[in-house]
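Hello,

Please find the structure below, with my notes after it. They are meant for someone opening the file for the first time.

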Protein chains: 4
Amino acid sequence: MAHKGGVALIIGVGDGLSASLARLLAKEGYTLALASRRVEKLDRLAKETKAKIHRCDASDPAQVAALFKGVGDHEVMIYNPSYRIRGPFIELDPTEVKKSLEITAFGAFLAGQQAARNMLPRGRGTIMFTGASAGVKGYAQSAPFAMGKFALRGLAQSMARELHPRGIHVAHIVVDGGIRSSQRPDGGNDNMLNPDSIARSYLHLLHQPRDSWSWEIEVRPWVETF
Amino acid sequence: MAHKGGVALIIGVGDGLSASLARLLAKEGYTLALASRRVEKLDRLAKETKAKIHRCDASDPAQVAALFKGVGDHEVMIYNPSYRIRGPFIELDPTEVKKSLEITAFGAFLAGQQAARNMLPRGRGTIMFTGASAGVKGYAQSAPFAMGKFALRGLAQSMARELHPRGIHVAHIVVDGGIRSSQRPDGGNDNMLNPDSIARSYLHLLHQPRDSWSWEIEVRPWVETF
Amino acid sequence: MAHKGGVALIIGVGDGLSASLARLLAKEGYTLALASRRVEKLDRLAKETKAKIHRCDASDPAQVAALFKGVGDHEVMIYNPSYRIRGPFIELDPTEVKKSLEITAFGAFLAGQQAARNMLPRGRGTIMFTGASAGVKGYAQSAPFAMGKFALRGLAQSMARELHPRGIHVAHIVVDGGIRSSQRPDGGNDNMLNPDSIARSYLHLLHQPRDSWSWEIEVRPWVETF
Amino acid sequence: MAHKGGVALIIGVGDGLSASLARLLAKEGYTLALASRRVEKLDRLAKETKAKIHRCDASDPAQVAALFKGVGDHEVMIYNPSYRIRGPFIELDPTEVKKSLEITAFGAFLAGQQAARNMLPRGRGTIMFTGASAGVKGYAQSAPFAMGKFALRGLAQSMARELHPRGIHVAHIVVDGGIRSSQRPDGGNDNMLNPDSIARSYLHLLHQPRDSWSWEIEVRPWVETF
C-alpha cells in the first residue's frame, strides 16, 4: 500500500487511460509527475492535476535515468507506453518490430528498475504496468504487439516474485478491450472500456495492504467476448 | 455494479473470510442474508450485521431452491463453501471425493443458477465465487480439492461469458494462501492473508461499473511464493 | 514409458477417437481391454483388435473396482468418457449437471485411482485423460461440460505432480475441435480433427521416456481458431 | 507435416539439444543446415550429420536475411538461441537486458519471418521455437530471460494463429528443466532432461499431419516439480 500524499509518477501520458489515472491519483492526494515523449499536449492535464511534467523517451536508458533523478522519491510508478504495429506477418518491418519491443517491454524494464531502486530502501511502493489482451493471447497479424506485451507480463511477474517479499507491490493490469475516447463523445455508451473506471482498478491495487496483494487484474466491458 | 441497499446473500458462512465479507457489506449498506449448514454459530455475526440467517445444505438442490425462495430479490450472491480432503492419491475415499465435488462445485452451480434466475429479469447483479490456488494449480496429494476448485473456476468462466452481456457480473476470486484466523491473535502479523483485506477486493469487484469488469482476481500475502 | 506388449485398458469406447486408439495400440503390440457402458456395439472393434471387452459404468465405484480386478496388471489406462449438456444457464437441469460431473470427472478419479494402485508397485505405467477445449476455456451455454473438463484437468495435474516422481506418467490431452466421424465420409477433408492422427499424439506421450515427459498436449485441425 | 528429405535449418547450434535435433533429423532423412554465431565448434557435428554450416548472428537482420538466402527452400526451421542473465533485479545491466530480448525474441522474429516467406508459397513447412519454463512463469532474479522467453511464446502463438490456416505449422516447445550434458557423463542418470528424448517430441510435432496439430508441448524430467 502506497503512502498517500507521496509522488506518483506516470510514464506514457496522453489522453485516455493515463489522463484518467492522473486525475484520480491527484484527487486522492498524490503529487503527480507526468512523463511523455511529447509534453506539448500535456499542459491542460498538468494544470488540472497540478502535475510536474517531464520529457522522456521511455526506451532510452539515459533519459529514463535522468527522469527518475529528476522525480526523486516516489510511492507509485505506472508504465503505460506501447508501440503497436499490425499487418501480415511476412510484411512486418523488422525495425518497427524492434521498436515495438523496446518501447513496450524494454522501457518498462528501465522504468521498473529505476523505481525499484528508489523504493527498496524504504521497503514500500507500488509499480504498475499497463498490459493488454495481447499479453495473454497472441493474435494473428499482431506478432510485434504480442511480443512486447507478453514480455511486459513476464517482466511484471518476475519482478512481483522478487520484490513482493521486500515490500514493493508490482502489478500487471490486463486492459482487454478498446478504451472509450474523450474525442468520441458517445452519450453514455458503456460498450467500451471507460478509462475512469479502469483507473479505479489501479487505485484498488494501489490501496491493497500487503497482507492481500494481487499481482494481476484484467478489465473489459460487459459486452466484450473473452 | 450492484445497487447498494439491496440484499447480499452469502452462502457458506463461518468466521474468517465470510464474516469479514458480511461485516463489510453491512457497513456498505447492504441487507445481509447469511446461509450455512450450521447456523448455531452465526448468532453473534447475525446480530452484528443485522443479518437474516438461513439454514441450508448448499449441495442439496431442494434446500438451495428453498433458500433462494426465502431470500427473494438480491443484488449480490457470494458462494464460499468447499470441502477439502488431502492424502496420498491411492488412499483417497471415493465417497469423500464425490462430496468434495458436490460441495465445492455442484453447490456453486445450484446457487449460481438460482441467483442468475433472480437477477436476469432486472438485468443486473453480482455473483462471486471464492476460489483457491487449487483452482489454477493441481497440487500433489490434493486431487479432490483441485477437482472441485478447477470445476468452480470453469463454472465461473462459463457463466461470465454467458451472463456478462446480459448485465450480470460474475467473478472468481483466487484466494492464494492461508487466511489469518481471529482464533489465532498474532499481534499484527501480516504474513498471512487478512480476511478484512480480501473482502475489500470483493467489494471492489462489486462496485465496478459494467464498462470495466474483471472476471477474476487473485490475492495473496506479500511474502507468499506463487 | 510403458512396456510394449502389456495390457492397455481404454475406458469409454465407441467409435471415433477411442476406436482409433484401440487400433493403434493393438498394432503397436499392446493387449487391449476395452470398457464401455454399452458393449453391444463393440463386437467388431474387439474382433479387429483382439480385445477383451468389459461392461462398466465408469461413474460407479463398485463397477470400476470390479473392472480393474478383471483386467489385472496393465501398462496403459486411457479415460475417455464425458457427458455433455448444453443450453441457457438458467434452464440447465441440476440432475444432468451432476451426471456431467460424475461421468466426466468423478469417473476419471475412480479409474485413475485404480490404475495408480495397480501401477505404483511396479513403478511404471501411463495414465491418459482425454480432455477438451472446455477444460481450459469455459464457454457460454456450456457450464456443465466446463465444470467436468476443468475438474478433469485439475485431477490430471494433481496426479502428475504426485505420481511422476514415482514413475507413473500422467497426461492430459486437450482435444480442441470437432473430430471427423467415420459415419460421415468426407473425401479427404482435413478441416476436422482426424482421430487416427490424434491417437498418434497419445502414442507419442506413451513412448516418452521418463527423462522427458509431457503432462499436457493439445491438438486441433490446422484451420481451427484458438 | 514437413516433407521428408527436404532441408531442415537449425539456428543456434552447439552441443546439447541442438546437436540431438541435428542427429535425429539427419537420421530421418532431412538435409541439414546448421547456423551458429561460432561455427568453429561445429565441425564434428556437421561431418556426422552431413550438414552445411552457416555463420550467422541471429539478432542481426542482414545476417539472418543472408542466411536464408544461402539456405534456400526448406521444410523445417528450428530457432534455439537465447541469452540469459540472472541477478538481483536492481543490479541488472540494461545493455545485457536488451541483448537478451534481441537474441531470445527479436532474432526469433527475424528467422520466423524469413522461414514463413519461404514456406508460404508452397503452403507447407514447420517452424519450431525452443522455449523454456521462463516463458510461462516469470522467476525471481530472472526478469531478462522471462521477458525474452515470454516474448518468444507470444510470437509463436501469434504466428500459429496466422499461419496455421495457411498450411504452416508453428510450434513452441517448453523445455522445463535442466538438460543433461554430454560433457557430464552420468551413467544413465535420468533425473535431468535427455536432449535425445526432447528431440523426439520435436520430431513428433514435425510429423503431425495438419488434421491434428499441436502448437505447444512441454517436457520435463519425471522428478521435476512444476
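In chain D, the residue that comes closest to a rotation axis is D:Ala151, with its C-alpha at 2.3 Å. The axis is that of the rotation of 180°, with 0.0 Å of shift along it, that superposes chain D on chain A at an RMSD of 0.0 Å. Copies are superposed here by least squares on the C-alpha atoms of residues with pLDDT of at least 70 in both. The two copies meet through the same surface, because 100% of the interface residues of chain D are also interface residues in chain A.

Before the rest, a note on the source. This is a predicted model, in which local features need pLDDT of at least 70 and side-chain atom pairs count only at pLDDT 80 or more, while totals for chains, interfaces and linings use all residues. Residues are numbered from 1 along each chain as its sequence is written, and chains are lettered from A and ligands numbered from 1 in the order in which they are written.

Chains A and B

Two residues are in contact if their C-beta atoms, placed from the backbone, lie within 7 Å.

The contact takes 25 residues from chain A and 25 residues from chain B. On the side of chain A that touches chain B, helix 6 (195–207) and strand 7 (216–219) each supply at least two residues. Helices (H or I, at least four residues) and strands (E, at least two) are DSSP runs, numbered from the N terminus. That side of chain A divides into ten nonpolar, nine polar and six charged residues. Ala, Val, Leu, Ile, Met, Phe, Trp, Tyr, Cys and Pro count as nonpolar, Asp, Glu, Lys and Arg as charged, and the others, Gly among them, as polar.

Pairs without contact

Chain B and chain D do not touch either, with their nearest C-alpha atoms 10 Å apart.

One residue in chain B

B:His74 is found in the loop between helix 3 (61–71) and strand 4 (76–79) of chain B. Leaving aside neighbours within four places in sequence, B:His74 is in contact with residues including B:Gly6, B:Leu9 and B:Asn118.

Regards
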